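These are my notebook entries on a structure that I had not examined before. I set down what I looked up, in the order in which I looked it up.

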Amino acid sequence: MKTLSQIIAIALLNLRNIPARLGASAVIIIGIGGVVTVLVSLLAMARGFQATMLGNGFDDRVIILRAGSNSEINGAITFEQAGIISNKPGIQKSSTGPLVAGESYVSVNISKRGSENPSNVPLRGVSENSFQVRQELSLVAGRNIEFGKFEVMVGVGAVDQFQGLEIGSSLNLRNTDWQVVGIFDTGGSIYDSEIWTDAAILNSVFGRGSNYSSMAARLSSSQDFEQLRSALESDPRLTTKIQREQDFYGTQSEATNQLITGVGISVSSIMAIGAIFAVLNTMYSAVSVRSVEIATLRALGFGRVPIVTSVIIESMLLALIGGALAGLLAFLFFNGFTASTIGTNTQVAFEFMVTGELIMTGITLALVLGFIGGLFPSIAAARMPITVALRAA
Amino acid sequence: MKYFGLILASLWRKPLRTSLTAATLLVAFLLFGLLEPVSQMFSDSSNLAGESRLWVSPRHSISDMLPVRYHQQIQQIEGIDTAAHQTWFGGVYIDAISSSAFTRWAVSAEEFMQINSQMVLPQEQLNAFINIPTAAVVGRATAERFGMKLGDKIPLTADIWHNEDGSHWTFDLVGIYDSAEGENADTSRMLINYDYFDEYRIVGKGIVSNVVFTLDDVERSASIATEIDSMFSNSQMETLTSTEQDYLLNQLSQVGNIGLIVRAIMGAVFFTILLLTANTMSQAVRERLAELAVLKTLGFQNQNILLIVLAEAFLLSLITAAIGLGLAAYLLQYSEYIVPQITTLNLGMSSVMTGLLIAVALSLIVGLPPAMQATRVNIAAALQR
């Protein structure tokens, strides 16, 4: 109890004279704030990318690919196999038949806004059922494509990131002009980065023959996954693999996610080392300026523990301010910031997500740095012989 | 120069503070040295002239492929020395992590090895590669990483190219190549024979990813590139001829505006460091005002005082910049482990110069205000304290 009241007394004393050492204290706030800003922004990028790839969380949706394919770009399911798949049990039925859609998927070169270099933008050839399978799709502007025509509709993410995809513009792909007739939104999922057209038209222009790249289906209920899977696997005419949509895109996002997170962590670790030196510097000089004060306290009977603790409290408090400000800055500037990057094969448009959890991660890092930066100077302060320090005055 | 001892002594007045400041600066220049080459790589403008090795790829999409006959057609163009073709095999070796450590290509073996003269293979291994249909060669780095030996069977599971057995392919390791460009060059790729691969793949026979060629006369690279692209301009599969580096960089730059992100990080780092160091420097000068007043009393001119204080900042930031950049240059040798497809990152002369310029600018910005303060010191007032 006595120790505690001593700690509080000294800590308050220290904190009250922070205004007198504003410059030095700002060093800690800014140094740690810089590290936390970089870390939180890069992690927010990784988080936003992952959220887009994991989509809207419909667990009754599946993707069927040729066995051995890891992405739609490598897929091939013949029209004949597609017909067989449609009649398997477990797929939800609607008035127009089973909710399963054969889709063709290619990557086309379109430049990002503000760049001349081509990027790989996904072009998905869809069937009439595709719209019912993805029930979250809503039209933001224009109209749906008409099948049999050279028309495309574009996701909101793609319009935002790439050149020449506004309604009414014409897109030249493979020496063929396609009219942009609509813009759709799927609530931030990966489909928002895509351009959609009629699968039959895509197949003829891109020479894809009688093959789909993949099939998307809606299950009667989430539990019917196993039923459909065993039905597909036991059919000797099919060589397919089935995955839940979330698992499929989750696997695809892993590598990119790890890369961004890895870069974020390495850069901020190096910066953190620099920041620790700065905190040490400030706290050592804070302690040395106060050496007489500290010696006086010790002479008055204050223990070593309260001295050590109060110095650490000061540096951690300053670090906390820096971390919190940085989290706030990152949130104000980067939350909702749109960007696009390459997924497995094609571009994915996404928004940075500065979540409360990431800000907490940043603040935790700030506190750790503040602790390390305060620890050594505080020990030096406590070890200082009373008489020497007093005589120096 | 005669004040050098004085400058050193005042720098070393508080060894702990100077060391900590130096360490902060060092970290900043280390980060700069590591990131600047990355940003540089993405801002290098492409220049076809003088390139002896060019890539022909499908113009419109990475999911497209070229008919193999393009290889013969390109080979016959006047001015082309040797043309080879390569096809992305993909596939899985052991698991996803191991697979990402190296790339696998089906190539026209003889021409490919001629063009890529930096890939050095003993003659008998080269003959085996060309003559044995199921042969494969891997680079030294991959062989060492996975403990592969000549004579090993290397199993790959197909993800794009299935064969009649489904997805299992097996190749015989007949060669391990080294790089003529030294230890830091990329020796990760695995190569297999195109003819064997094409015979057994069940779909897409007769198509390849790229045609690669060398020129008789490097000065003609730009005109030959145009000639090739116009030759195929109205065909089903239009081409784009570029340097290998440009092709790979474009794929990589699609990750995002890397150059911009990197520069933003460096900006944040230096802004932070600037404020940290400025504070320490002015603190150091404030503490010494009495000493500076003594110097003035002894007859030092204001400009001398100014120079002495500035020189301290210069010395500190230049030394730390040199060490930081040196450390970065050392660490960059290992960059191939991070981005294996790209030629090793190097800290070029221009990056070093930029780094040193930043050091000079930094020392001016942080050194000038306290130096000015030092010249304005009032002798009597300072000595009284």
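This is a predicted model: local features need pLDDT of at least 70, side-chain atom pairs count only at pLDDT 80 or more; totals for chains, interfaces and linings use all residues.

Entry 1, a helix. In helix α9 of chain A (residues 291-299), I found Ser291(A), Ile294(A), Ala295(A), Leu297(A) and Arg298(A) to be buried. Buried here means under 20% relative accessible area, exposed means over 50%, and partly exposed lies in between (1.4 Å probe, protein chains only). Seen down the axis of α9(A), these buried residues fall within an arc of 160 degrees, so they line one face of the helix. The arc is taken from the directions that run from the helix axis to the C-beta atoms. I recalled that an α-helix has 3.6 residues a turn, so residues three or four places apart point the same way. Just after α9(A), I noted a positive phi of about 110 degrees at Gly301(A). Helices (H or I, at least four residues) and strands (E, at least two) are DSSP runs, numbered from the N terminus.

Residues are numbered from 1 along each chain as its sequence is written, chains are lettered from A and ligands numbered from 1 in the order in which they are written, and side-chain values use heavy atoms, without hydrogens and water.

Chain A is divided into domain 1 (2-54 + 252-392) and domain 2 (68-238), with bounds from an automatic or database domain assignment. The contact (heavy atoms within 4.5 Å) takes 13 residues from domain 1 of chain A and 18 residues from domain 2 of chain A. The C-alpha centres of these two domains lie 47 Å apart.

I counted rings of Phe, Tyr and Trp (its six-membered ring) as paired if their centres lie within 6.5 Å, with planes under 30 degrees apart stacked, over 60 edge-to-face and the rest tilted. The count comes to 27 aromatic pairs over all chains. In one of them, the ring centres of Tyr93(B) and Phe146(B) are 5.2 Å apart and the planes stand at 80 degrees, so the pair is edge-to-face. Tyr93(B) lies in the loop between β3 (80-88) and α4 (96-99) of chain B and Phe146(B) in helix α7 (residues 140-146) of chain B, so the pair ties together parts 53 residues apart in sequence. Tyr93(B) counts as buried at 9% relative accessibility, whereas Phe146(B), at 22%, counts as partly exposed.
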